[in-house]
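Hello,

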Amino acid sequence: MPDFTEPAVFWSTAFFLFCGIFGRYLLFAAVFYWVFKVSFRHRFAEREVQNRPRRAGQVGREIGWSLLTSLIFTAIGMGLVLAWQMGLTRIYLDLGDYPLLWYVVSIPLVLFLHETYYYWLHRWMHRPGVYRWLHKTHHESITTSAWTSFSFHPLESLLQAVFIPAMAFLMPLHLSAIALILTIMTTTSAINHLNTEIYPRDFNNHWFGRWLIGATHHSLHHSQFRFNYGLYFTFWDKWMNTESPDFIRLFRQKTGPKKEAKIPSDS
Ligand SMILES: [Zn+2]
Ligand SMILES: [Zn+2]
């Protein structure tokens with residue numbers, strides 16, 4: 001392992017990490033934009049969830065906030081790298097160190113715990129005294145896009161950034177499992193903010209699909225504010241009765257064969 005306390009190694013690793021985090025955000029957002037809003041826009045036009053125009057300068061602001069988020073994720077990530085070097089974490093590199101079954105189980109387990117952390121953090125951030133300090137920035141985007149996916153106030157970014165590193169102190173995690181979890185996080189955030197429903201018809205009844213959050217589900221969070229707090233999965237919203245009563249109808253409308261595109265909004 002290189003000596004990350006060496007300034008040259010530290011800063012080159014930090015630069016590499018930042019490029020990985022911010023570059024991945026830009027790449028995923030650009031690919032989703034190109035596929036669904038440019039290349040196949042006619043095919044997906046009827047699956048636009050909200051039709052109200054985005055605010056002037058919205059995408060530029062979202063990329064700016066996402067840049068700050070990426071810097072914060074990098075800073076926390078470098079703290080994790082230093083802790084790893086000091087032997088304080090349980091990150092492992094040799095797949096043989098733990099049973100392969102653990103590797104497979106560790107990924108959904110961390111996603112489940114992350115979901116639980118974010119759902120309750122998110123509900124707390126919607127409390128009036130907390131909302132304007134931490135979470136208002138994200139909700140300035142009412143009609144979202146893939147560019148919204150990292151658009152958070154720095155304090156919210158910090159609260160989000162600490163979770164995965166905290167897991168690396170508590171349970172053995174292979175480095176590639178962490179990388180995979182972070183890639184799933186970026187992908188689902190882009191899908192959920194895309195404002196184009198990409199899941200197939202009847203996915204809301206599918207044994208697995210019904211537990212996945214998509215663009216319609218999360219768009220209703222941005223338009224209605226008091227429903228759909230989940231991150232990857234719908235189960236906390238279902239269990240706590242915070243899933244929007246408009247979700248099923250809107251999902252069917254957006255994925256159905258023909259359309260009367262009416263946007264529900266009680267905001
Ligand atoms: Zn929110
Ligand atoms: Zn959002």
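**Aromatic contacts in the predicted model**

Lys238 lies over the face of Trp211, with 5.9 Å to the ring centre. Arg210 also sits over the face of Trp211, at 4.6 Å from the ring centre. Please keep in mind that this is a predicted model.

Trp211 belongs to one aromatic cluster, together with Phe112, Tyr119, Trp120, Tyr229, Tyr232, Phe233, Phe235, Trp236 and Trp239. The structure as a whole holds 23 aromatic pairs. One of them joins Tyr119 and Trp120: the ring centres are 5.0 Å apart and the planes stand at 85°, so this pair is edge-to-face. An angle over 60 degrees is what that class requires.

The two residues of this pair can be set side by side by accessibility. Tyr119 has a relative accessible area of 0% and is therefore buried. Trp120 is at 36% relative accessibility, so it counts as partly exposed.

Trp120 also forms an aromatic pair with Trp236. This pair is edge-to-face, with 5.6 Å from centre to centre and 75° between the planes. Which parts of the chain does it tie together? Trp120 lies in helix H4 (residues 100–125) and Trp236 in helix H11 (residues 235–239), so the pair links parts that are 116 residues apart in sequence. Trp236 has a relative accessible area of 15% and is therefore buried, because the cut-off for buried is under 20%.

Regards

Definitions and conventions: Residues are numbered from 1 along each chain as its sequence is written. Chains are lettered from A and ligands numbered from 1 in the order in which they are written. This is a predicted model: local features need pLDDT of at least 70, side-chain atom pairs count only at pLDDT 80 or more; totals for chains, interfaces and linings use all residues. Side-chain values use heavy atoms; hydrogens and water are left out. Rings of Phe, Tyr and Trp (its six-membered ring) pair if their centres lie within 6.5 Å; planes under 30 degrees apart count as stacked, over 60 as edge-to-face and the rest as tilted. Buried means under 20% relative accessible area, exposed over 50%, partly exposed in between (1.4 Å probe, protein chains only). Helices (H or I, at least four residues) and strands (E, at least two) are DSSP runs, numbered from the N terminus. A charge sits over a ring if NZ of Lys or CZ of Arg is within 6 Å of the ring centre and within 35 degrees of the ring normal.
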